[in-house]
Amino acid sequence: MTSYKLMVKDVIKKADILLEVVDARFPDETRNSEVERNIRRAKKPFIIVLNKCDLVSNEKLEESKSRLSKIAPTIFVSGKEKNGTTMLRHKILEVASTKDRDILVGALGYPNTGKSSVINGVTGRNKASTSAISGHTRGVQLVNAGSRIRFIDTPGVIPFDEHDEYVQGLLGVKDTTHLKDPIGVALKIIEKTCTENKKALEAFYNVTIEGQDSYDVLEMIGNQCNFLKKKGEVDEMRAAVRIINDWQHGQLVI
């Protein structure tokens with residue numbers, strides 16, 4: 001953990017401007033307050049990048065952007081679909097105060113928020129190594145993005161003092177084969193989607209939710225998917241695994 005903190009501080013020190021890449025589905029959970037405080041102490045400008053915007057409704061994106069823009073300039077992009085990356089490039093050039101040399105950009109964020117994909121989207125080429133497996137970027141890399149922009153690509157910032165398996169499940173840091181409590185993670189996903197966009201959850205699983213708690217919804221989904229045990233009872237574990245996989249693979253959009 002200490003090595004990650006030192007790495008983050010070193011990137012902040014070297015960079016002219018920082019990108020905090022967060023997951024647009026849950027921006028508050030994937031912001032890192034300690035990193036933001038360190039950036040402010042260093043008096044460095046930063047941009048909040050809402051990545052994976054293709055997995056979120058336009059209404060939620062605009063709400064998040066409006067709220068987070070009060071903290072720092074905020075751009076939403078889809079590293080996967082390459083949407084918003086030109087706007088991000090322009091914002092970097094606008095915000096950075098460097099005039100007489102290349103702009104060094106530090107990209108920071110939690111595992112699986114898609115930092116390398118964002119960098120590749122801005123460069124227009126696969127210059128940063130990317131992978132769906134958390135922690136693939138093993139060491140700091142310098143990536144030339146053209147137009148005076150150079151990126152420092154870093155490993156994902158492990159949450160400081162954070163060992164919450166539910167957060168790791170939401171982020172996709174742990175898949176269903178590595179979660180100790182898949183049912184608990186699935187219930188968290190249900191709670192979040194019911195709060196953010198209940199209609200999307202209903203449409204995706206072809207269920208109607210009217211006042212049921214998250215466990216009831218889990219059973220409804222399991223029944224609808226025909227995940228039943230021999231006595232006709234819902235197989236909660238199979239239902240939980242299905243929900244987590246749909247969420248982590250970007251099938252369930254809120």
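Which residue lies over the face of W247, and at what distance from the ring centre? I looked this up in the model, which is a predicted one. The residue is R25, placed 4.6 Å from the ring centre of W247.

**Aromatic pairs.** I searched the whole structure for aromatic pairs and found two. F26 and W247 make a stacked pair, with 5.7 Å between centres and 15° between the planes. I then checked where the partners sit in the chain. F26 is in the loop between strand 1 (17-23) and helix 2 (27-30), while W247 belongs to helix 10 (residues 236-248), so I noted a link between distant parts of the chain, 221 residues apart. I looked up burial next. F26 has a relative accessible area of 1% and is buried; W247, at 0%, is buried too.

F204 and Y205 form an edge-to-face pair, 4.8 Å centre to centre with 85° between the planes. I read F204 as partly exposed, at 32% relative accessible area. Y205 is buried, at 3%.

**Another charge over a ring.** I found the charged end of K188 over the ring of Y166, 5.5 Å from the ring's centre.

**Helix 8.** I compared the span of helix 8 (residues 182-205) with that of a straight helix. A straight helix of 24 residues would span 34 Å, but helix 8 spans only 18 Å between its end C-alpha atoms.

Definitions and conventions
Residues numbered from 1 in each chain as written. Predicted model: local features only at pLDDT ≥ 70, side-chain atom pairs only at ≥ 80, totals over all residues. Heavy atoms only, no water. Helix = DSSP H or I, 4+ residues; strand = E, 2+ residues; numbered from the N terminus. Expected span 1.5 Å × (residues − 1). Phe/Tyr/Trp six-rings, centres within 6.5 Å; stacked < 30°, edge-to-face > 60°. Buried < 20%, exposed > 50% of the residue type's maximum accessible area, 1.4 Å probe, protein only. Lys NZ or Arg CZ within 6 Å of the ring centre and 35° of its normal.
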